Amino acid sequence: MKKGSILSQLPGIVIAILILLPLGYFGLKFIYGDSNNIDKQNAIAFSDSLKAKIDALPQETTTSLSVQGFDGNNVWYLAAFSEDQANSPDRCLFKSCLCSCKASSQDSFNPKEDCQAGICTPMKEKNLMIEIKIDPLKDLNSAEDPNKIPDPYIFLQNKLINLNIEKKQDSIKITQGA
């Protein structure tokens, strides 16, 4: 092979590589999807479904609802913010919101920061609360700090999530069922 023939084909090879690399990138992205975008779409669907079910309930009602969670690598959770709550995300200032939030890791939850980029749904009720039921022997003794009470979040796992909803005139209390 002559040295000149390789050099004459070099521009064609470089152009082919420049065309094939982006095609490969977008092809893989199309095949495997963008997991962040899929998680966000799932969070939107979850939030919309939960809001519609709560809005359909009459006042002064206590009921159980089932909502489908999604596979978000165990870092998505449901948080509630009342309209006068100080540590709420910016989009929930002076209004109450239910938010599907993505934590930075499975061990670190900061609702004010996590929910800035999460999905927050305004609610007409002024007071929103997520209440957790804990088994003091099981939950607190297994914790690293036995004096720490678990944060009131509901983790959005890929399964049916049973929620107990207590809806009053100006408040909503959500408790995760069994």
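Select Asp-55 first: at 31% relative accessibility it counts as partly exposed, a class between buried (under 20% relative accessible area) and exposed (over 50%), with a 1.4 Å probe and protein chains only. The model is predicted, so local features need pLDDT of at least 70 and side-chain atom pairs count only at pLDDT 80 or more, while totals for chains, interfaces and linings use all residues. Residues are numbered from 1 along each chain as its sequence is written, and side-chain values use heavy atoms, with hydrogens and water left out.

**Helix H2**

Lys-51 and Asp-55 form a salt bridge, with the closest N and O atoms 2.8 Å apart; the term stands for a side-chain nitrogen of Lys or Arg within 4 Å of a carboxyl oxygen of Asp or Glu. Both residues lie in helix H2 (residues 35-56), four residues apart, about one turn of the helix. Helices (H or I, at least four residues) and strands (E, at least two) are DSSP runs, numbered from the N terminus. Lys-51 has a relative accessible area of 24% and is partly exposed.

**Other salt bridges**

The count of salt bridges comes to five. Select Lys-167 and Glu-125, whose side chains meet at 3.9 Å, N to O. Lys-167 lies in strand E7 (residues 160-167) and Glu-125 in the loop between strand E4 (119-123) and strand E5 (127-131), so the pair ties together parts that are 42 residues apart in sequence. Both Lys-167 and Glu-125 are buried.

Next, select Glu-131, Glu-166, Lys-168 and Lys-173, which are linked in a network of salt bridges. Within this group, Lys-168 and Glu-166 have their closest N and O atoms 3.3 Å apart. Lys-168 is partly exposed at 37% relative accessibility, as is Glu-166 at 24%.

**Helix H1**

Finish at Ile-17, in helix H1 (residues 3-32). Ile-17 is partly exposed, at 44% relative accessibility.
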